[in-house]
Amino acid sequence: MKAKISIDTNKAISKIDDRIYSSFIEHLGRAVYGGIYEPGHETADDMGFRQDVMSLIKELKVPMVRYPGGNFVSGYNWEDGTGDKALRPKKMELAWNSIETNEVGIDEFQEWAKRAESDVMMAVNLGTRGADDARNIVEYCNSKTDTYYANKRRANGFEDPFCIKVWCLGNEMDGNWQIGTKRPVEYARLACETAKLMKMVDPSIELVACGSSGPFVETFGEWEETVLREAYEHLDYISLHSYYGNPDDNSQEYLGSAAIMDKFIRDVIEICDKVKAEKKSDKDINLSFDEWNVWFHSNEQDKKQEPWQIAPPLLEDMYNLEDSIVVGDLMITLLKHSDRVKIACLAQLVNVIAPIMTETGGGIWKQTIFYPFMYTSVNGRGTALDTVVESESFSEGKAENVSIVDAVAVISEDGNTVSLFAVNRKLGEDAELELSGFDGYRLQSHISMEGDDLKAGNSITAPDNVTPVTKEITDKVTLTGGSWNYLKFTK
């Protein structure tokens with residue numbers, strides 16, 4: 001099969017916001033305890049943070065991490081994770097039926113983020129709490145005033161504010177699984193009033209309102225319109241959440257997942273712009289795709305976990321080669337919408353549906369999805385180019401009329417490098433590329449996630465079972481059937 005990819009280095013989609021390569025740490029399973037934090041571990045630093053984990057996170061170049069949830073935040077009292085650790089309460093954590101020790105809270109996490117060379121994206125509890133609590137945590141984290149919560153931060157040992165600039169107004173408040181589920185109008189009113197108070201405390205912050213929990217929930221569309229009509233001028237972003245999987249073991253259908261993400265993004269943009277027109281506003285509401293990933297492998301295993309454990313192994317998907325191809329393809333889709341998707345968070349970062357896995361008290365390894373995320377994050381900085389792909393298509397299950405080849409090109413700030421991220425979604429059929437618009441650039445390297453066994457993955461005993469393949473540079477550029485690819489062109 002032949003496909004054509006065309007670029008014009010003068011035609012841009014958008015400058016890419018680095019925060020599109022963000023991630024997520026929730027108080028869930030072993031993400032925190034046994035993940036980023038394990039005081040007794042041989043690599044632990046003075047605060048108990050695992051340095052082997054920190055090293056791999058830095059390799060991913062994650063600019064911002066969403067915290068502390070997720071479903072967890074809807075029943076969370078943030079004060080429990082501040083001050084003297086000896087006085088912090090153990091609590092029943094109702095979102096994940098676990099025990100939360102509160103050994104790590106915002107006091108520790110903001111320091112971890114600095115050490116990880118990242119920023120914090122903080123979520124507030126709009127499930128069991130509300131606007132008053134939200135303004136208080138903004139004061140605690142960001143205020144320099146001689147007032148109660150700012151002074152409480154100082155008393156806890158932090159003279160300088162944490163300067164957290166991006167805040168989520170709750171989490172998945174439309175979901176019946178959520179603590180404190182809201183109807184669209186209930187959440188819209190609460191989000192509006194909460195946003196007003198938070199920005200009174202710190203006008204410099206950016207706010208993300210909850211969108212629908214996915215494109216297939218009953219209130220999708222109605223929810224977004226109701227929230228935006230009520231709170232438009234107080235918001236900066238609306239969130240999107242979506243997970244992808246292959247529970248029916250139809251790999252060809254699964255490799256079309258990014259087309260479903262693409263439609264979801266387009267639908268939400270259309271809603272945002274519809275409300276903008278209604279309000280005759282000059283402001284765009286941008287998108288924060290702050291939960292996305294593959295999630296399905298661990299579902300049956302999680303049903304067997306006993307409740308009320310501390311940091312039980314939950315959502316520990318073991319990823320394989322086809323998962324890495326899908327994750328790389330989803331990143332291509334996010335970059336193709338970088339004019340409106342300014343924030344995106346791979347959910348999550350360590351142990352919980354994550355690119356990085358640890359053994360509590362032991363070693364660490366990279367999952368297959370680590371590699372496409374890393375290569376895109378490191379090399380996909382700059383400006384996304386309007387990339388035209390001419391390719392045959394396929395239909396399989398929910399993946400209808402999906403282009404076999406898809407791609408996006410990113411040009412570096414100095415113009416000396418063009419990074420092409422491309423996927424061949426068709427199993428068993430290679431695609432020979434005709435490249436147009438790359439004049440003056442030479443193909444320097446071609447990295448691919450490909451292989452004969454789509455179900456192969458990595459583990460603590462076989463950490464390098466699936467790793468990127470370095471392709472030979474020839475006159476012809478070919479994408480192997482069922483592969484994700486990173487091609488680097490330089491002047």
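Me: At what angle do helix α10 and helix α11 pack, and how far apart are their axes?

Reply: Helices here are DSSP runs of H or I with at least four residues, strands are runs of E with at least two, and both are numbered from the N terminus; an axis is a line fitted to C-alpha atoms, for helices over the stretch in contact, and angles run from 0 to 180 degrees between N-to-C directions. In this structure, helix α10 (residues 321-336) packs against helix α11 (residues 370-379) at an angle of about 30 degrees, with the axes 8 Å apart. The model is a predicted one, in which local features need pLDDT of at least 70 and side-chain atom pairs count only at pLDDT 80 or more, while totals for chains, interfaces and linings use all residues. Residues are numbered from 1 along each chain as its sequence is written, and side-chain values use heavy atoms, with hydrogens and water left out.

Me: Why are α10 and α11 described as roughly parallel?

Reply: Angles under 35 degrees count as roughly parallel, over 145 as roughly antiparallel, 65 to 115 as roughly perpendicular and the rest as oblique. With an angle of about 30 degrees, α10 and α11 are therefore roughly parallel to each other.

Me: Which residues of α10 and α11 make the contact?

Reply: Contact means heavy atoms within 4.5 Å. On the α10 side the contact is made by Ser324, Val327, Gly328, Met331 and Leu335, and on the α11 side by Pro372, Phe373 and Thr376. For classes, Ala, Val, Leu, Ile, Met, Phe, Trp, Tyr, Cys and Pro count as nonpolar, Asp, Glu, Lys and Arg as charged, and the others, Gly among them, as polar; this contact has five nonpolar, three polar and no charged residues.

Me: At roughly what angle do the axes of helix α1 and α11 cross?

Reply: The axes of helix α1 (residues 51-60) and α11 cross at roughly 55 degrees and come within 8 Å, and α1 and α11 are therefore oblique to each other. Here Leu56, Glu59 and Leu60 of α1 meet Phe370, Phe373, Met374, Ser377 and Val378 of α11, a contact with six nonpolar, one polar and one charged residues.

Me: How much space lies in the largest pocket, and how should I read that value?

Reply: On a 1 Å grid over the protein atoms alone, a cavity is a set of points where a 1.4 Å probe fits but cannot get out, whereas a pocket is an open set with protein on both sides within 12 Å along at least five of seven lines, and lining residues have an atom within 4 Å of a point. Grid points are joined across faces, edges and corners, and a volume is the space filled by probe spheres set on the points. The largest pocket holds about 790 Å³ of space, and of its 36 lining residues, Ser242, Tyr243, Tyr244, Gly245 and Trp295 are the closest to its centre. The largest share of that lining, four residues, comes from β10, and the lining as a whole divides into 17 nonpolar, 13 polar and six charged residues.

Me: How many cavities of 30 Å³ or more does the structure hold?

Reply: The structure holds three of them, and about 90 Å³ of space lies in the largest cavity. Its lining includes His27, Trp96 and Pro312, and strand β6 (residues 98-100) gives the largest share, three residues. In the second largest cavity there is about 50 Å³ of space, where β7 supplies the largest share of the lining, three residues.
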